[in-house]
Amino acid sequence: MSNREFDELKELYLNYKIPFWMNTRAETINEYRAKGLEEMNMLRMNIGIEHGNYEYRRNYLKRNVKDEVQIRAFEIASEHKYTSCANSIIGMPDETRELIFDTIKFVRKLPKNIDATGAFIFAPYHGTPLRTLAIEKGYLNDDEICSLSNTSESMLRMPTISKDEIQGMAKVFSLYVKFPENRWDEIKIAEKSTTEGEKMFKKLGEEFDRTYRTYSASELDLHD
């Protein structure tokens, strides 16, 4: 969207100012647009990081955007009253536990008021290059259909990381992002779907809610 188009949209929308949310990429954010979106009464903005490792992001996702550009976008967004969220994806083709931690460590660099605590598990939708790559590498069969009903766990069968480990790391991703690193051994226990793991996950989850969780107005109504 050009600046002229953005200004036209802003002028039209100022007649209504109905709260809205939007998805965007870090490259689109600057001080001028961030301020304009606040004037338009934006409620929430989701910015796609997808992956915290620059080389993976460039080679697999074809997103040649440097870390500094992404971090600066979140710094700009954090100065405004709307909520800004960082979206991440884990379990993509050839990903390892170490690469997932690259994303976790990247998200930890963002301003503290960014709502950046969750990660989606990669969904190999038809028509996407990463689905084709997964099939070529034998991580997925061509006849396996990805839909909203089966994206709660990884569909890929990879030698680099198991489906269970991906699901466990997605479950505790927010804990790794927010808790100090000296708590990471506890969080690793909470990844497991065992009695000990579920007990630890419950304990850490309650602490997370008390210490780090922020609620929207609608959620506050539910908690009253």
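# Close-up views of the predicted model

**Glu 207 is buried, with a relative accessible area of 19%.** Buried denotes under 20% relative accessible area, exposed over 50%, and partly exposed the range in between (1.4 Å probe, protein chains only). The structure is a predicted model, in which local features need pLDDT of at least 70 and side-chain atom pairs count only at pLDDT 80 or more, while totals for chains, interfaces and linings use all residues. Residues are numbered from 1 along each chain as its sequence is written, and side-chain values use heavy atoms, with hydrogens and water left out. Glu 207 forms a salt bridge with Arg 183, with 3.0 Å between the closest N and O atoms; a salt bridge is a side-chain nitrogen of Lys or Arg within 4 Å of a carboxyl oxygen of Asp or Glu. Because Glu 207 lies in helix H9 and Arg 183 in the loop between H7 and H8, the pair ties together parts that are 24 residues apart in sequence. Helices (H or I, at least four residues) and strands (E, at least two) are DSSP runs, numbered from the N terminus. Arg 183 is also buried, at 16% relative accessibility. Salt bridges with shared partners join Arg 183, Glu 186, Lys 203 and Glu 207 into one network.

**Helices H7 and H9 cross at roughly 50°.** The axes of H7 (residues 163–178) and H9 (residues 195–211) come within 11 Å, so that H7 is oblique to H9. Axes are lines fitted to C-alpha atoms, for helices over the stretch in contact, and angles run from 0 to 180 degrees between N-to-C directions. Angles under 35 degrees count as roughly parallel, over 145 as roughly antiparallel, 65 to 115 as roughly perpendicular, and the rest as oblique. From H7, Lys 171, Val 172, Ser 174, Leu 175 and Lys 178 meet Glu 198, Phe 201, Leu 204 and Phe 208 of H9, contact meaning heavy atoms within 4.5 Å. By class, five nonpolar, one polar and three charged residues make up this contact; Ala, Val, Leu, Ile, Met, Phe, Trp, Tyr, Cys and Pro count as nonpolar, Asp, Glu, Lys and Arg as charged, and the others, Gly among them, as polar.

**A salt bridge joins the side chains of Glu 191 and Arg 97.** The N to O distance is 2.7 Å. Glu 191 is in the loop between helix H8 (184–190) and H9, and Arg 97 is in helix H5 (residues 97–107), 94 residues apart. Both residues are buried.

**The side chains of Glu 27 and Arg 25 meet in a salt bridge of 2.9 Å, N to O.** Relative accessibility is 41% for Glu 27, which counts as partly exposed. Arg 25, at 36%, is likewise classed as partly exposed. The structure holds 19 salt bridges.

**Asn 87 is placed in strand S3.** With 16% relative accessibility, Asn 87 counts as buried. Residues up to four places away in sequence not being counted, Asn 87 touches Asn 23, Asn 46, Ile 47, Gly 48, Ile 49, Glu 50 and Phe 120.

**His 80 is found in the loop between helix H4 (67–77) and strand S3 (83–90).** A relative accessible area of 18% makes His 80 buried. Its contacts are Ala 34, Lys 35 and Glu 38, leaving out residues up to four places away in sequence.

**Pro 180 is located in the loop between H7 and H8.** Pro 180 is partly exposed, at 36% relative accessibility. Apart from residues up to four places away in sequence, Pro 180 touches Arg 108 and Tyr 212.
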